[in-house]
Amino acid sequence: MLSRLGALLQEAVGAREPSIDLLQAFVEHWKGITHYYIESTDESTPAKKTDIPWRLKQMLDILVYEEQQQAAAGEAGPCLEYLLQHKILETLCTLGKAEYPPGMRQQVFQFFSKVLAQVQHPLLHYLSVHRPVQKLLRLGGTASGSVTEKEEVQFTTVLCSKIQQDPELLAYILEGKKIVGRKKACGEPTALPKDTTSHGDKDCSHDGAPARPQLDGESFGAQALNSHMPAETEELDGGTTESNLITSLLGLCQSKKSRVALKAQENLLLLVSMASPAAATYLVQSSACCPAIVRHLCQLYRSMPVFLDPADIAALEGISWRLPSAPSDEASFPGKEALAAFLGWFDYCDHLITEAHTVVADALAKAVAENFFVETLQPQLLHVSEQSILTSTALLTAMLRQLRSPALLREAVAFLLGTDRQPEAPGNNPHTLYAHLIGHCDHLSDEISITTLRLFEELLQKPHEGIIRSLVLRNLEGRPYMAWGSPEPESYEDTLDLEEDPYFTDSFLDSGFQPRAKPRLAPATSYDGKTAVTEIVNSFLCLVPEEAKTSAFLEETGYDTYVHDAYGLVSGSCYQLLLPVLQNSWVISSGFPLSHLPEDPSPSLLRGALSAGSQSPGPLPLLSRLSQFQECSSRVASWGWPLTPTPLDPHEPERPFFEGHFLRVLFDRMSRILDQPYSLNLQVTSVLSRLALFPHPHIHEYLLDPYISLAPGCRSLFSVLVRVIGDLMQRIQRVPQFPGKLLLVRKQLTGQAPGEQLDHQTLLQGVVVLEEFCKELAAIAFVKFPPHDPRQNVSPAPEGQV
């Protein structure tokens with residue numbers, strides 16, 4: 001088409017020199033546009049119904065054709081020189097601001113976009129292009145929700161594409177009028193040094209002062225535009241309103257038109273992900289990019305209703321920046337749209353940090369931490385209002401669920417847990433927010449406790465070693481929970497009887513109890529792994545007395561077959577086939593597809609297996625725990641954890657053991673399992689299960705090994721459960737018809753009986769949770785150490801292996 005255009009132009013003027021004909025045609029089309037403003041008297045005719053769009057298209061075609069015919073690549077032809085010298089783009093920008101005729105702004109945006117995209121000459125280096133580009137960016141940014149949003153986002157897309165090709169343009173484009181003012185004041189050349197073309201910028205004289213163009217457009221502007229242009233036409237150059245490519249993109253990101261907003265977000269992502277260190281540094285140090293992004297995040301957070309149900313927040317999953325709205329079939333609730341917008345933008349911030357250059361990623365993550373986490377979110381988490389605590393904690397949990405970027409995760413961990421990694425002491429004052437969150441786990445409000453425990457459970461699933469080290473591992477280093485008096489027993493039968501356990505003595509309840517110190521002899525550190533895992537599983541399975549067991553009555557199989565069935569599934573080389581075998585077992589026994597298997601049934605049978613209709617007590621807890629253990633092992637594989645517990649050094653000074661604030665509140669909650677609401681018990685056991693899955697030898701030893709000799713005054717998860725069982729045995733005697741009521745409560749919890757209110761219902765529900773939790777701990781121990789594992793040690797599996 002362009003070749004045909006050139007032939008027609010030559011034929012029309014009858015000239016031999018095609019460049020002269022092109023220039024004349026180009027000038028004629030420009031004069032046709034200017035004459036419209038001189039001759040036209042109808043100000044209501046839309047621009048698209050005039051000949052302006054056609055003339056602009058002809059001018060564009062001429063510029064493109066001329067460039068294709070240039071013998072020397074990179075040289076500017078006469079038409080392009082005319083465009084630059086006579087400031088045609090600036091005049092068009094002024095016409096677009098005046099919006100005369102109506103719709104002219106759209107025509108200007110389209111013309112700018114096409115010229116910059118189709119003309120290969122580096123136009124953005126010239127002041128006569130750079131300046132109107134800046135004007136047009138500010139012009140678009142001033143009209144929120146304007147009819148030109150589509151054209152604006154196309155314009156910014158072209159600019160981002162040009163910057164991607166030449167990252168040095170980023171600073172030049174973002175500085176806008178400031179760089180122009182400095183160049184004009186200092187007499188610097190207005191083209192970037194890299195522009196080595198033969199064409200000098202005709203806008204400036206040799207001394208750097210801008211030259212006055214000699215063009216009909218000048219007289220046209222003086223005669224005709226005064227009656228149509230706003231009086232503050234120079235405000236675009238000299239006004240105080242700051243607006244550039246970043247602010248324009250951020251404004252378009254907030255468009256109600258989803259396609260416009262998505263394209264603007266993609267353009268902004270392109271800018272921050274450029275590999276040029278200089279461009280990234282400029283973006284951070286000399287632009288408002290990071291503060292503006294976080295400012296919008298804070299605005300969206302404040303726009304949400306004060307009251308949001310934590311259950312509604314937890315149910316609103318699948319929100320992403322590419323699709324920031326919930327599925328239409330979900331039930332609506334007050335504030336749902338605002339919540340979806342906030343979570344969508346947070347997901348976008350997280351994605352920006354993931355994809356951005358390291359310099360930009362670190363700066364944006366710090367901005368989110370300082371301006372959003374600390375200044376906006378933390379006051380809500382520390383508020384005395386229960387509703388503020390509930391809403392902010394649930395929102396923080398939802399954000400953690402979406403968080404993927406390492407830089408932002410690092411900032412979130414420091415915000416929540418602090419940076420101290422020294423062993424904790426009972427009387428020390430931990431990180432302020434961390435102390436409050438720990439206190440919320442044991443709050444008077446059960447709902448606050450449940451919501452905060454969910455936050456910690458989500459935190460434990462993030463791939464950051466500092467989380468588990470801060471919460472648990474720093475207090476287990478050196479194994480101070482171990483007694484120094486005797487070697488580790490070969491089996492549980494070699495230890496004290498339950499009646500002799502110090503946790504059952506009255507003296508233990510006395511805070512002043514100080515057992516006699518024993519000789520400091522390092523205990524043995526290894527024993528037969530097969531025997532150990534067998535006895536660990538049996539210890540947890542047999543911990544609950546027969547009078548308090550109900551699962552056998554409903555599942556047609558008892559505890560005696562649990563380990564036997566598990567051994568049959570995982571014996572020998574069949575252990576590696578455990579997952580497909582159990583998957584098949586799930587589908588056959590429940591009739592549900594594998595996708596319906598709950599991700600985190602805790603306790604596994606109550607929340608997952610029984611509610612889905614399974615009648616198999618053995619495979620399902622193992623299936624769930626094996627999958628979670630594999631995922632956890634893969635997550636921690638690069639952390640360099642040891643395979644065996646650290647040998648005890650008899651020369652190391654003995655230090656008192658403190659399990660840490662986090663484990664202390666979990667153990668305290670666990671010790672009250674018979675007196676707490678069912679939903680709270682489920683959440684406490686779920687968090688403890690997450691902890692037990694970590695393949696660190698000290699975590700396994702402290703949480704899952706019943707045979708270790710505890711130091712005087714220390715407690716472990718097993719010893720806490722032993723005390724609960726002792727309390728249960730006394731309470732059973734005071735509940736008439738205890739077995740029948742317990743069985744009825746279990747049927748109610750699994751939906752097999754109507755939910756009528758019973759006496760001692762909290763106690764009975766706690767017993768059911770206790771039974772299931774013991775089975776779950778047995779499943780965790782079993783999948784961590786299969787019975788025929790070639791390693792003959794109770795130490796955890798290597799990272800990434802089962």
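In the predicted model, F662 is buried, with a relative accessible area of 0%. F456 is also buried, at a relative accessible area of 1%. Both values fall under the 20% limit that defines a buried residue.

The ring centres of F342 and F372 lie 5.8 Å apart, with an angle of 45° between the planes, and the pair is tilted. F342 belongs to helix 18 (residues 336-355) and F372 to helix 19 (residues 358-381), so that distant parts of the chain, 30 residues apart, are linked by this pair. Both F342 and F372 are buried.

F456 is located in helix 23 (residues 446-460), whereas F662 is located in helix 32 (residues 661-671), so the pair ties together parts 206 residues apart in sequence.

The structure as a whole contains 20 aromatic pairs. F342 and F372 also take part in one aromatic cluster, together with Y301, F373 and F415.

Helix 14 was examined separately. Helix 14 covers residues 258-272, a run of 15 residues, and spans 21 Å from its first C-alpha to its last, close to the 21 Å expected at 1.5 Å a residue. The buried residues of helix 14 include V260, A261, A264, L268, L269, L271 and V272. Q265 and N267 are likewise among the buried residues of helix 14.

Note on methods
Residues are numbered from 1 along each chain as its sequence is written. This is a predicted model: local features need pLDDT of at least 70, side-chain atom pairs count only at pLDDT 80 or more; totals for chains, interfaces and linings use all residues. Side-chain values use heavy atoms; hydrogens and water are left out. Helices (H or I, at least four residues) and strands (E, at least two) are DSSP runs, numbered from the N terminus. The expected span of a helix is 1.5 Å times one less than its number of residues. Buried means under 20% relative accessible area, exposed over 50%, partly exposed in between (1.4 Å probe, protein chains only). Rings of Phe, Tyr and Trp (its six-membered ring) pair if their centres lie within 6.5 Å; planes under 30 degrees apart count as stacked, over 60 as edge-to-face and the rest as tilted.
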